[in-house]
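Subject: The structure and some notes on it

Hi,

Here is the structure I promised to pass on to you. Could you keep it open while you read the notes below?

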Amino acid sequence: MGNRVARDDYEWVYTDQPHADRRKEILAKYPEIKSLMGPDHRLKWIVCMMVAIQFLAFYLVKDLDWKWVLFWTYVFGSCLNHSMTLAIHEISHNTAFGNNKAMWNRWFAIFANLPIGLPYSASFKRYHLDHHRYLGGDGVDVDIPTNFEGWFFCTRFRKFVWIILQPLFYAVRPLCINPKPISRLELINVAVQFTFNAALYWLWGAKPVVYMLAGSMLGMGLHPISGHFIAEHYMFLKGHETYSYYGSLNLLTFNVGYHNEHHDFPSIPGRRLPLVKKIAAEYYDDLPQYTSWVKVLYDFIMDDQLSPYSRVKRKLKGEVKQE
(Lines give C-alpha, C1' and ligand atoms only; values in the text may rest on other atoms or scores of the structure.)
Protein backbone atom coordinates (compact mmCIF):
# COMPACT_ATOMS: atom_id res chain seq x y z
CA MET A 1 0.00 0.00 0.00
CA GLY A 2 2.71 2.48 -0.99
CA ASN A 3 6.32 3.01 -0.10
CA ARG A 4 7.36 4.21 3.30
CA VAL A 5 7.59 8.02 3.45
CA ALA A 6 11.21 9.16 3.45
CA ARG A 7 10.66 12.07 5.85
CA ASP A 8 11.60 11.16 9.40
CA ASP A 9 11.32 14.52 11.15
CA TYR A 10 9.47 17.82 11.01
CA GLU A 11 10.59 20.79 8.91
CA TRP A 12 12.50 22.72 11.58
CA VAL A 13 12.86 26.46 10.96
CA TYR A 14 14.57 29.21 12.92
CA THR A 15 12.43 32.13 11.85
CA ASP A 16 9.27 33.60 13.34
CA GLN A 17 5.90 32.78 11.85
CA PRO A 18 5.08 35.03 8.86
CA HIS A 19 1.64 36.24 9.91
CA ALA A 20 2.54 38.95 12.44
CA ASP A 21 4.88 40.78 10.05
CA ARG A 22 2.44 40.52 7.16
CA ARG A 23 -0.37 41.83 9.37
CA LYS A 24 1.69 44.91 10.30
CA GLU A 25 2.61 45.54 6.68
CA ILE A 26 -0.97 45.20 5.43
CA LEU A 27 -2.41 47.43 8.16
CA ALA A 28 0.19 50.11 7.40
CA LYS A 29 -0.85 50.07 3.75
CA TYR A 30 -4.58 49.45 4.21
CA PRO A 31 -5.67 50.81 7.62
CA GLU A 32 -9.32 50.46 6.57
CA ILE A 33 -9.00 46.73 7.27
CA LYS A 34 -9.32 47.58 10.97
CA SER A 35 -12.99 48.39 10.29
CA LEU A 36 -13.56 44.70 9.49
CA MET A 37 -12.62 43.66 13.03
CA GLY A 38 -15.27 43.10 15.66
CA PRO A 39 -18.21 40.75 16.11
CA ASP A 40 -20.38 39.31 13.35
CA HIS A 41 -23.86 39.92 14.69
CA ARG A 42 -25.38 37.38 12.31
CA LEU A 43 -23.24 34.55 13.68
CA LYS A 44 -25.31 33.89 16.80
CA TRP A 45 -28.53 33.58 14.77
CA ILE A 46 -26.92 31.23 12.26
CA VAL A 47 -25.62 29.05 15.10
CA CYS A 48 -29.04 28.99 16.79
CA MET A 49 -30.60 27.92 13.49
CA MET A 50 -28.04 25.14 13.06
CA VAL A 51 -28.67 23.86 16.59
CA ALA A 52 -32.43 23.90 15.97
CA ILE A 53 -32.00 21.96 12.71
CA GLN A 54 -29.97 19.27 14.47
CA PHE A 55 -32.55 19.05 17.26
CA LEU A 56 -35.21 18.50 14.60
CA ALA A 57 -32.99 15.87 12.97
CA PHE A 58 -32.66 14.08 16.34
CA TYR A 59 -36.44 13.82 16.47
CA LEU A 60 -36.79 12.67 12.86
CA VAL A 61 -34.18 9.88 13.00
CA LYS A 62 -35.59 8.25 16.14
CA ASP A 63 -38.10 6.17 14.14
CA LEU A 64 -35.93 5.40 11.07
CA ASP A 65 -34.43 2.00 10.26
CA TRP A 66 -30.78 1.79 11.28
CA LYS A 67 -29.59 1.78 7.66
CA TRP A 68 -31.27 5.14 7.11
CA VAL A 69 -29.94 6.47 10.40
CA LEU A 70 -26.41 5.70 9.24
CA PHE A 71 -27.10 7.10 5.76
CA TRP A 72 -28.36 10.44 7.05
CA THR A 73 -25.61 10.49 9.66
CA TYR A 74 -22.92 10.65 6.98
CA VAL A 75 -24.79 12.61 4.31
CA PHE A 76 -26.32 15.28 6.54
CA GLY A 77 -25.39 15.03 10.22
CA SER A 78 -21.64 14.84 9.64
CA CYS A 79 -21.70 17.99 7.47
CA LEU A 80 -23.72 19.98 9.97
CA ASN A 81 -21.69 18.83 12.97
CA HIS A 82 -18.38 19.62 11.28
CA SER A 83 -19.78 23.00 10.34
CA MET A 84 -20.76 23.48 13.98
CA THR A 85 -17.18 22.80 15.11
CA LEU A 86 -16.10 25.62 12.83
CA ALA A 87 -18.80 27.84 14.29
CA ILE A 88 -17.20 27.13 17.68
CA HIS A 89 -13.87 28.05 16.10
CA GLU A 90 -15.39 31.40 15.14
CA ILE A 91 -16.83 31.90 18.62
CA SER A 92 -13.43 31.12 20.19
CA HIS A 93 -12.23 34.38 18.61
CA ASN A 94 -15.09 36.25 20.35
CA THR A 95 -16.81 37.00 17.05
CA ALA A 96 -20.31 36.21 18.33
CA PHE A 97 -20.56 38.91 21.02
CA GLY A 98 -17.24 40.74 20.85
CA ASN A 99 -14.24 40.96 23.17
CA ASN A 100 -16.12 43.05 25.73
CA LYS A 101 -18.45 40.11 26.38
CA ALA A 102 -15.88 37.33 26.39
CA MET A 103 -17.82 35.07 28.77
CA TRP A 104 -20.95 35.39 26.67
CA ASN A 105 -18.91 33.83 23.86
CA ARG A 106 -17.76 30.99 26.17
CA TRP A 107 -21.32 30.14 27.29
CA PHE A 108 -22.61 30.39 23.73
CA ALA A 109 -19.87 27.99 22.58
CA ILE A 110 -21.07 25.45 25.17
CA PHE A 111 -24.59 25.85 23.75
CA ALA A 112 -23.28 25.38 20.19
CA ASN A 113 -21.45 22.27 21.41
CA LEU A 114 -24.70 20.46 22.34
CA PRO A 115 -25.53 18.78 18.97
CA ILE A 116 -21.90 17.64 18.57
CA GLY A 117 -22.12 15.32 21.57
CA LEU A 118 -18.43 15.55 22.51
CA PRO A 119 -17.61 18.26 25.10
CA TYR A 120 -14.72 20.20 23.66
CA SER A 121 -15.59 23.87 23.16
CA ALA A 122 -13.97 25.12 26.41
CA SER A 123 -10.74 23.16 25.81
CA PHE A 124 -10.60 24.17 22.16
CA LYS A 125 -10.56 27.85 23.07
CA ARG A 126 -7.55 27.41 25.38
CA TYR A 127 -5.43 25.49 22.87
CA HIS A 128 -6.51 27.26 19.71
CA LEU A 129 -5.31 30.69 20.78
CA ASP A 130 -1.90 29.14 21.52
CA HIS A 131 -1.92 27.78 17.96
CA HIS A 132 -2.34 31.33 16.64
CA ARG A 133 0.14 32.95 18.96
CA TYR A 134 2.81 30.23 18.67
CA LEU A 135 2.19 28.65 15.26
CA GLY A 136 4.42 25.58 14.95
CA GLY A 137 5.78 26.11 18.45
CA ASP A 138 7.44 22.99 19.81
CA GLY A 139 5.59 21.71 22.86
CA VAL A 140 2.86 24.37 22.60
CA ASP A 141 1.03 24.11 19.26
CA VAL A 142 -1.07 20.93 19.59
CA ASP A 143 -2.13 21.17 15.95
CA ILE A 144 1.27 19.61 15.19
CA PRO A 145 1.14 15.77 15.09
CA THR A 146 3.12 13.83 17.69
CA ASN A 147 6.35 12.02 16.88
CA PHE A 148 4.43 8.73 17.06
CA GLU A 149 2.00 9.89 14.36
CA GLY A 150 4.84 10.96 12.11
CA TRP A 151 6.76 7.73 12.66
CA PHE A 152 3.91 5.24 12.40
CA PHE A 153 1.57 6.69 9.75
CA CYS A 154 4.15 6.60 7.02
CA THR A 155 2.60 4.53 4.20
CA ARG A 156 -0.41 5.23 2.01
CA PHE A 157 -2.63 2.79 3.87
CA ARG A 158 -1.55 4.05 7.29
CA LYS A 159 -2.08 7.68 6.22
CA PHE A 160 -5.58 6.69 5.08
CA VAL A 161 -6.25 5.22 8.54
CA TRP A 162 -4.76 8.30 10.18
CA ILE A 163 -7.21 10.55 8.36
CA ILE A 164 -10.13 8.38 9.47
CA LEU A 165 -8.90 8.64 13.07
CA GLN A 166 -8.31 12.41 13.01
CA PRO A 167 -10.93 13.11 15.73
CA LEU A 168 -9.16 10.68 18.08
CA PHE A 169 -5.74 12.26 17.57
CA TYR A 170 -7.06 15.79 17.97
CA ALA A 171 -8.59 14.72 21.29
CA VAL A 172 -5.53 12.89 22.62
CA ARG A 173 -2.76 15.10 21.24
CA PRO A 174 -3.09 17.97 23.78
CA LEU A 175 -2.63 15.46 26.62
CA CYS A 176 0.63 14.28 25.05
CA ILE A 177 2.10 17.58 23.86
CA ASN A 178 0.87 20.30 26.19
CA PRO A 179 -1.34 19.09 29.07
CA LYS A 180 -3.00 21.85 31.07
CA PRO A 181 -4.88 21.83 34.38
CA ILE A 182 -8.60 21.29 33.91
CA SER A 183 -10.50 24.55 34.21
CA ARG A 184 -13.87 25.18 35.83
CA LEU A 185 -15.37 26.01 32.44
CA GLU A 186 -14.17 22.70 31.02
CA LEU A 187 -15.88 20.84 33.87
CA ILE A 188 -19.09 22.77 33.20
CA ASN A 189 -18.78 21.97 29.49
CA VAL A 190 -18.50 18.23 30.29
CA ALA A 191 -21.39 18.29 32.79
CA VAL A 192 -23.72 20.19 30.45
CA GLN A 193 -22.86 18.00 27.47
CA PHE A 194 -23.26 14.65 29.25
CA THR A 195 -26.52 15.80 30.81
CA PHE A 196 -27.79 16.73 27.36
CA ASN A 197 -26.65 13.39 25.88
CA ALA A 198 -28.44 11.48 28.67
CA ALA A 199 -31.61 13.54 28.22
CA LEU A 200 -31.55 12.91 24.47
CA TYR A 201 -31.25 9.15 25.06
CA TRP A 202 -34.03 9.23 27.68
CA LEU A 203 -36.39 11.17 25.39
CA TRP A 204 -35.85 9.54 22.01
CA GLY A 205 -33.62 6.49 22.46
CA ALA A 206 -30.30 5.40 21.01
CA LYS A 207 -30.72 6.37 17.37
CA PRO A 208 -30.43 10.17 17.84
CA VAL A 209 -27.41 9.65 20.09
CA VAL A 210 -25.71 7.46 17.47
CA TYR A 211 -26.63 9.99 14.77
CA MET A 212 -25.08 12.78 16.84
CA LEU A 213 -21.85 11.09 17.95
CA ALA A 214 -21.17 9.16 14.74
CA GLY A 215 -21.90 12.31 12.73
CA SER A 216 -19.21 14.17 14.63
CA MET A 217 -16.65 11.37 14.27
CA LEU A 218 -17.36 10.77 10.57
CA GLY A 219 -17.51 14.47 9.74
CA MET A 220 -14.07 15.07 11.18
CA GLY A 221 -12.56 11.90 9.71
CA LEU A 222 -12.76 10.71 6.10
CA HIS A 223 -15.03 13.46 4.82
CA PRO A 224 -14.66 16.15 2.13
CA ILE A 225 -14.88 18.97 4.68
CA SER A 226 -12.14 17.43 6.83
CA GLY A 227 -9.69 18.18 4.04
CA HIS A 228 -9.24 21.55 5.69
CA PHE A 229 -7.32 19.88 8.56
CA ILE A 230 -4.61 18.90 6.07
CA ALA A 231 -4.90 21.88 3.77
CA GLU A 232 -4.32 24.57 6.39
CA HIS A 233 -0.74 23.90 7.52
CA TYR A 234 0.74 20.72 6.03
CA MET A 235 3.78 21.57 3.96
CA PHE A 236 2.92 20.61 0.40
CA LEU A 237 5.47 23.16 -0.80
CA LYS A 238 8.74 23.78 1.02
CA GLY A 239 8.85 27.13 2.74
CA HIS A 240 5.08 27.58 3.05
CA GLU A 241 3.34 26.69 6.31
CA THR A 242 -0.15 28.16 5.82
CA TYR A 243 -2.40 27.70 2.77
CA SER A 244 -5.78 29.08 1.76
CA TYR A 245 -8.66 27.38 -0.03
CA TYR A 246 -11.13 29.43 -2.05
CA GLY A 247 -13.67 26.78 -3.06
CA SER A 248 -17.41 26.43 -2.47
CA LEU A 249 -17.13 24.48 0.80
CA ASN A 250 -16.31 27.77 2.49
CA LEU A 251 -20.06 28.34 2.45
CA LEU A 252 -20.44 25.51 4.99
CA THR A 253 -17.36 26.29 7.04
CA PHE A 254 -17.53 29.99 7.92
CA ASN A 255 -14.77 30.72 5.39
CA VAL A 256 -12.15 28.76 7.32
CA GLY A 257 -10.54 28.12 3.93
CA TYR A 258 -9.33 31.73 3.93
CA HIS A 259 -6.64 30.53 6.26
CA ASN A 260 -3.75 32.85 5.48
CA GLU A 261 -6.17 35.72 5.88
CA HIS A 262 -7.48 34.25 9.13
CA HIS A 263 -4.01 33.85 10.68
CA ASP A 264 -3.09 37.36 9.57
CA PHE A 265 -6.27 38.78 11.13
CA PRO A 266 -7.78 36.32 13.65
CA SER A 267 -10.08 39.01 15.07
CA ILE A 268 -11.87 39.45 11.74
CA PRO A 269 -14.94 37.16 11.46
CA GLY A 270 -14.92 34.56 8.71
CA ARG A 271 -17.73 36.29 6.83
CA ARG A 272 -15.47 39.31 6.22
CA LEU A 273 -12.24 37.47 5.30
CA PRO A 274 -12.99 37.62 1.54
CA LEU A 275 -12.90 41.42 1.91
CA VAL A 276 -9.39 41.16 3.38
CA LYS A 277 -8.29 39.23 0.31
CA LYS A 278 -10.00 41.72 -1.98
CA ILE A 279 -8.47 44.80 -0.32
CA ALA A 280 -4.94 43.37 0.01
CA ALA A 281 -5.02 41.12 -3.05
CA GLU A 282 -1.33 41.53 -3.87
CA TYR A 283 -0.42 39.85 -0.55
CA TYR A 284 -2.53 36.74 -1.17
CA ASP A 285 -3.01 36.12 -4.88
CA ASP A 286 0.48 34.70 -5.40
CA LEU A 287 0.54 32.50 -2.29
CA PRO A 288 0.01 28.74 -2.80
CA GLN A 289 -3.70 27.92 -2.57
CA TYR A 290 -6.16 25.08 -3.06
CA THR A 291 -9.40 24.70 -4.97
CA SER A 292 -10.41 21.24 -3.67
CA TRP A 293 -10.19 19.75 -0.17
CA VAL A 294 -10.96 16.30 -1.61
CA LYS A 295 -7.88 16.57 -3.82
CA VAL A 296 -5.85 17.64 -0.77
CA LEU A 297 -6.85 14.42 1.02
CA TYR A 298 -6.09 12.32 -2.06
CA ASP A 299 -2.70 13.95 -2.65
CA PHE A 300 -1.73 13.64 1.01
CA ILE A 301 -2.42 9.90 0.98
CA MET A 302 -0.88 9.13 -2.41
CA ASP A 303 2.20 11.38 -2.31
CA ASP A 304 5.04 9.42 -0.75
CA GLN A 305 6.78 12.67 0.19
CA LEU A 306 3.97 13.69 2.57
CA SER A 307 3.19 12.44 6.06
CA PRO A 308 2.16 13.77 9.49
CA TYR A 309 5.78 14.93 9.75
CA SER A 310 5.14 17.43 6.91
CA ARG A 311 4.74 20.36 9.27
CA VAL A 312 6.85 23.41 9.96
CA LYS A 313 8.06 23.43 13.55
CA ARG A 314 10.09 25.96 15.54
CA LYS A 315 11.70 26.30 18.96
CA LEU A 316 10.10 29.18 20.80
CA LYS A 317 12.19 32.04 22.14
CA GLY A 318 11.56 34.12 25.23
CA GLU A 319 8.61 33.87 27.59
CA VAL A 320 5.68 31.76 26.44
CA LYS A 321 2.30 33.01 27.70
CA GLN A 322 -0.37 30.39 27.22
CA GLU A 323 -4.12 30.47 27.71
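This is a predicted model: local features need pLDDT of at least 70, side-chain atom pairs count only at pLDDT 80 or more; totals for chains, interfaces and linings use all residues.

Residues are numbered from 1 along each chain as its sequence is written, and side-chain values use heavy atoms, with hydrogens and water left out.

Let me begin with the record. UniProt positions are in the numbering used here, with feature names shortened, and annotations may be inferred rather than shown by experiment. In an unreviewed entry, UniProt lists "domain: Sphingolipid delta4-desaturase N-terminal" at residues 5-43. In the model, that stretch is 31% helix and 8% strand, with its end C-alpha atoms 42 Å apart. Helices (H or I, at least four residues) and strands (E, at least two) are DSSP runs, numbered from the N terminus.

The unreviewed UniProt entry also gives the feature "transmembrane region" at residues 43-61, 68-87, 107-124, 187-204 and 210-231. Residues 43-61 are 100% helix and 0% strand, and their end C-alpha atoms lie 27 Å apart. For residues 210-231 the figures are 68% helix, 0% strand and 29 Å between the end C-alpha atoms.

Next, the pockets. On a 1 Å grid over the protein atoms alone, a pocket is an open set of points where a 1.4 Å probe fits, with protein on both sides within 12 Å along at least five of seven lines; lining residues have an atom within 4 Å of a point. Grid points are joined across faces, edges and corners, and a volume is the space filled by probe spheres set on the points.

The largest pocket holds about 1,100 Å³. Its lining has 39 residues, and Tyr 120, Phe 124, Tyr 170, Ala 171 and Pro 174 lie nearest the centre. Helices that each supply at least two lining residues include helix 3 (66-92) and helix 9 (184-204). By class, this lining has 23 nonpolar, 10 polar and six charged residues (Ala, Val, Leu, Ile, Met, Phe, Trp, Tyr, Cys and Pro count as nonpolar, Asp, Glu, Lys and Arg as charged, and the others, Gly among them, as polar).

The second largest pocket holds about 430 Å³. It is lined by 20 residues, with Asp 16, Gln 17, Ala 20, Arg 133 and Tyr 134 closest to its centre. Helix 1 gives the largest share of that lining, four residues. The lining divides into seven nonpolar, five polar and eight charged residues.

A few single residues are also worth a look. Ser 307 sits in the loop between helix 15 (293-302) and strand 4 (312-314). Is Ser 307 buried or exposed? Ser 307 counts as buried because its relative accessibility is 0% (buried means under 20% relative accessible area, exposed over 50%, partly exposed in between, with a 1.4 Å probe and protein chains only). Leaving out residues up to four places away in sequence, Ser 307 touches partners including Arg 7, Lys 159 and Tyr 234 (contact means heavy atoms within 4.5 Å).

Most residues other than glycine have a negative phi. Asn 94, however, has a positive phi near 65 degrees, and Phe 254 has one near 55 degrees. Asn 94 is buried, at 10% relative accessible area, and Phe 254 is buried too, at 16%.

Best wishes
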